[in-house]
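Here's a quick tour of a protein model for anyone new to reading structures. Have a look at it first, then work through the notes below.

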Amino acid sequence: MAPDKTVSLPPFQALVDAHWRDVARLARALAGPVDGDDVAQRAWEKAFAAYSGLTSAKNLRSWLLTITARCATDLHRARRPQRPLDEAPAVAVDGPDAADWPDPDLWRAVNELPERQRFAITLKYVGDLDHHGVAAALDTTPAASRRLVSDALATLRTKLGVHHG
């Protein structure tokens, strides 16, 4: 007889009540103030659809933020022009409008980062995920997550003239 894989999950509404601010903040940081609400809504839809099938109740916040990051990625990918790879020039996908954030120079510099660095640094510092959570959200390893965040920070320090000491 196979072991029972039933997991005791809190009611979905309790998850929403506990984490809606985190999901909304990350969605806005990754997709901008205009699309952030749509990304958050899509993340909640996907989470609700998958919730009853979870096999673990551990780290539900990271699970939600991973879904949110993937929804933001889907939005950015849907906006990219579709061309054969051999003809496609490098495409920069716009992030949030820097003018809508408290430190416009910082956010302008963040928006100019390559997409994976931008997502990694946003997941780390806005989503407050550790490198394992960032790695899960980006389908990479924790070591690669550390490198993405480190490269992003180095680029931001250079662009903003901040010396790390």
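Asn59 counts as exposed, because its relative accessibility is 53%; the cut-offs are over 50% for exposed, under 20% for buried and partly exposed in between, using a 1.4 Å probe and protein chains only. Keep in mind that this is a predicted model, where local features need pLDDT of at least 70, side-chain atom pairs count only at pLDDT 80 or more, and totals for chains, interfaces and linings use all residues. Residues are numbered from 1 along each chain as its sequence is written, and side-chain values use heavy atoms, with hydrogens and water left out.

- You'll find Asn59 in the loop between helix H1 (12-51) and helix H2 (60-79); helices here are DSSP runs of H or I with at least four residues, numbered from the N terminus.
- Asn59 isn't a glycine, yet it has a positive phi of about 50°.
- Asp128 isn't a glycine either, and its phi is positive too, at about 60°.
- Look for Asp128 in the loop between H4 and helix H5 (131-138).
- With a relative accessible area of 56%, Asp128 is exposed.

**The nonpolar cores**

- A nonpolar core is a set of buried Ala, Val, Leu, Ile, Met, Phe, Trp, Tyr and Cys residues joined through side-chain atoms within 4.5 Å.
- The largest one has 33 residues, and Trp63 and Leu123 have the most contacts inside it.
- H1, H2, H4, H5 and H6 are the elements that give two or more residues to this core.
- H1 gives the most to this core, with 14 residues.
- Apart from this core lies another, of 9 residues, including Trp107 and Leu156.

- Not counting residues up to four places away in sequence, Leu123 touches Leu26, Leu65, Ala69, Asp128, Leu129, Val134, Ala137 and Leu138; contact means heavy atoms within 4.5 Å.
- Thr122 sits in helix H4 (residues 115-125).
- Leaving out residues up to four places away in sequence, Thr122 touches Leu26, Ala29, Leu30, Val110 and Gly127.

**How H4 meets H5**

- The axes of H4 and H5 come within 9 Å and cross at roughly 140°; axes are lines fitted to C-alpha atoms, for helices over the stretch in contact, and angles run from 0 to 180 degrees between N-to-C directions.
- Arg116, Phe119, Ala120, Leu123 and Lys124 in H4 meet His131, Val134, Ala137 and Leu138 in H5.
- The residues of this H4 and H5 contact divide into 6 nonpolar, 1 polar and 2 charged; Ala, Val, Leu, Ile, Met, Phe, Trp, Tyr, Cys and Pro count as nonpolar, Asp, Glu, Lys and Arg as charged, and the others, Gly among them, as polar.

**How H3 meets H6**

- Helix H3 (residues 104-111) and helix H6 (residues 142-160) have axes that come within 10 Å and cross at roughly 130°.
- H3 and H6 are therefore oblique to each other.
- In H3, Asp105, Leu106, Ala109 and Val110 meet Leu156, Lys159 and Leu160 in H6.
- The residues of the contact of H3 with H6 split into 5 nonpolar, no polar and 2 charged.

Key
Angles under 35 degrees count as roughly parallel, over 145 as roughly antiparallel, 65 to 115 as roughly perpendicular and the rest as oblique.
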